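Try each task before reading its solution.

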Amino acid sequence: MSQTPPHDPKAPQDTAPMSPEEAEAAQAANEADAQTALQAELDKAKAQNADLADQYLRAKAEAENARRRADEEVSKARKFAVESFAESLLAVADSLEAGLAVQEATREQLREGTEATLKQLKSALERHKVVEIAPAATAKFDPHQHQAISMVPADQEPNTVVTVLQKGYLIADRVLRPALVTVAAPK
């Protein structure tokens, strides 16, 4: 028969006091129950810790794989962008070689061939979003797209383009090379 210790408020008041051996046995049983409960809690925490550690390692590996795949995709995109651009210039190279292969070309034939080759080159540049910067005379000077070589006296508004010495180019709205221009000097 199991009796509860005297300090338990739920214990009936009419029970006989426990002997020291019984109290010691009851205390040992309570400690064993508490130790079993703590061990179960510890085992549960260890299992949860192992599960979280596994999830962390999987997430870390997944993030590393995603970063590596992204790096590879960027590398391939760069490689194939250059490949596409180079491929579009092959027709221009073929035209130049064909023009040089002609031994007895007239002036008109040379001019016609050069114009056709230039047209091919411009078409290839446009396909890859390389756009000319060729400001018209009297256009306002834009320091973001033009490079002034000199200021010259002119019969036009100051700070406007007088002549274009060399065309500039944009690639995807970014200046690849500014247009070299002369600018009207203030009067």
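**Exercise 1: the contact of two helices**

Task: find which residues of helix 1 meet which residues of helix 2.

Solution. From helix 1, F85, S88, L89, A91, V92, S95 and L96 touch T117, Q120, L121, A124, L125 and R127 of helix 2; contact means heavy atoms within 4.5 Å, and helices are DSSP runs of H or I with at least four residues, numbered from the N terminus. Sorted by class, this contact has 8 nonpolar, 4 polar and 1 charged residues (nonpolar: Ala, Val, Leu, Ile, Met, Phe, Trp, Tyr, Cys and Pro; charged: Asp, Glu, Lys and Arg; polar: the others, Gly among them).

A word on the source: this is a predicted model, where local features need pLDDT of at least 70 and side-chain atom pairs pLDDT 80 or more, while totals for chains, interfaces and linings use all residues. Residues are numbered from 1 along each chain as its sequence is written, and side-chain values use heavy atoms, without hydrogens and water.

**Exercise 2: the faces of helix 2**

Task: work out which residues of helix 2 are buried and which exposed residues sit on the face turned away from them.

Solution. Start with the buried residues (under 20% relative accessible area, 1.4 Å probe, protein chains only): T117, A124 and L125. Viewed down the axis of helix 2, the buried residues fall within an arc of 100 degrees, so they line one face; the arc is taken from the directions from the helix axis to the C-beta atoms. Next, turn to the face away from the buried side: E108, R111, E112, K119, E126 and R127 are exposed there (over 50%).
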